Amino acid sequence: RGSKAILFVENGFGLELWSEKFVSNLDVQRISISDYLKPIFIGEDAYKGKPNPHAWISPMRGKLYIDTIVNVLSELDPENSQIFEKNANTYKIKINKIDEDFTRFLNTVEKSKRYLVSCEGAFSYLANDYGLKEAYLWPVNAESQVTPKRMAKVINLVKENNIPSVFCESTVSSDAQLTVSRETGAKFGGNFYVDSLSDEYGPASTYIDLLNHNLLLIKKGFNLQTKK
């Protein structure tokens, strides 16, 4: 009530089905970022063929989010388009630095050693953009119980490739991944932030902090390879 919002932005790819009822009665422009991004499709289980919604996890895709929002805002409010562009460029400078630093780091890691093992398959865009090999315990949403077949598959992968670290996400239980760690000797490298931010005192209170936190954990995990 009394809102002066001119734009409602959603991620899309089926992530915010709840928003239909919320937005349907609002007189506000609505855009889905998914309309402007090429999706990566999930390749297995009940989710097979559905788009993975987690594009924002990759800094490269994050810049596309910004450009899309700025373009639409500028169409809706052309008088302030220069302000939108200026703010966007300032923000993208921060993301460019994250992108460049991570790319520089990966250049020191053998391509055959770039395995990212997480609980949830939320890192497909990051893996695609930076040449990582992705493995996970469940495709998208945390399942109540990891199947023995999937658990065995991840354990064997970690053992066969001497993967030094495995990770989970802040919104799901890490118990299954801790089992992988115990069975393989790989270190549990910590929890990524994916679908939510931390509180203001946590390590991922903003999107920029989320990117920095996640990529720092990956760097630390990959760095263990030289110590094994």
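Among contacts in the protein between residues at least 6 apart in sequence, what percentage join residues at least 24 apart? The figure is 56%, where a contact means heavy atoms within 4.5 Å. The structure is a predicted model, in which local features need pLDDT of at least 70, side-chain atom pairs count only at pLDDT 80 or more, and totals for chains, interfaces and linings use all residues. Residues are numbered from 1 along each chain as its sequence is written, and side-chain values use heavy atoms, with hydrogens and water left out.

**Confidence**

- The mean pLDDT of the protein is 91, and 94% of the residues score at least 70; pLDDT is the predictor's confidence in each residue, from 0 to 100.
- Confidence is lowest in helix H1 (residues 19-23), with a mean of 78, and highest in helix H3 (residues 81-106), with 98.
- Where pLDDT is low, the predicted coordinates should not be read in detail.

**Overall build**

- The protein contains 7 helices and 6 strands. Helices (H or I, at least four residues) and strands (E, at least two) are DSSP runs, numbered from the N terminus.
- Along the sequence, these elements follow the pattern β-α-β-α-α-β-α-β-α-β-α-β-α.
- The C-alpha trace spans about 60 × 35 × 35 Å along its principal axes.

**Surface and charge**

- Of the 228 residues, 46% count as buried. Buried means under 20% relative accessible area, exposed means over 50%, and partly exposed lies in between (1.4 Å probe, protein chains only).
- The accessible surface comes to about 12,800 Å², and carbon and sulfur atoms account for 51% of it. Accessible areas come from the Shrake-Rupley method with a 1.4 Å probe, and for residues only the protein chains shown count as cover.
- There are 28 positive and 28 negative side chains, and the centres of the two sets lie 7 Å apart. Lys and Arg count as positive and Asp and Glu as negative, while His and the chain ends are not counted. The place of a charge is taken as NZ of Lys, CZ of Arg, CG of Asp or CD of Glu.

**The loop between S2 and H2**

- Pro-39 sits in the loop between strand S2 (29-32) and helix H2 (59-76). Pro-39 counts as partly exposed because its relative accessible area is 25%.
- Beyond its neighbours within four places in sequence, Pro-39 is in contact with Phe-13, Pro-51 and Tyr-125. The C-alpha atoms of Pro-39 and Lys-50 are 9.1 Å apart, with the two residues 11 apart in sequence.
- Phe-41 is in the loop between S2 and H2 and is exposed, with a relative accessible area of 52%. Not counting residues up to four places away in sequence, Phe-41 touches Gly-49, Lys-50, Pro-51 and Asn-52.
- Tyr-36 is also placed in the loop between S2 and H2. Leaving out residues up to four places away in sequence, Tyr-36 touches Thr-68 and Val-72.
- Tyr-36 and Phe-123 are 87 residues apart in sequence, and their C-alpha atoms are 19 Å apart.

**Positive phi angles**

- Most residues other than glycine have a negative phi.
- Phe-13 has a positive phi of about 60° although it is not a glycine. Phe-13 lies in the loop between strand S1 (7-10) and H1, and counts as buried because its relative accessibility is 15%.
- Asn-162, also not a glycine, has a positive phi near 50°. Asn-162 is found in the loop between helix H5 (148-160) and strand S5 (165-169), and is partly exposed at 48% relative accessibility.
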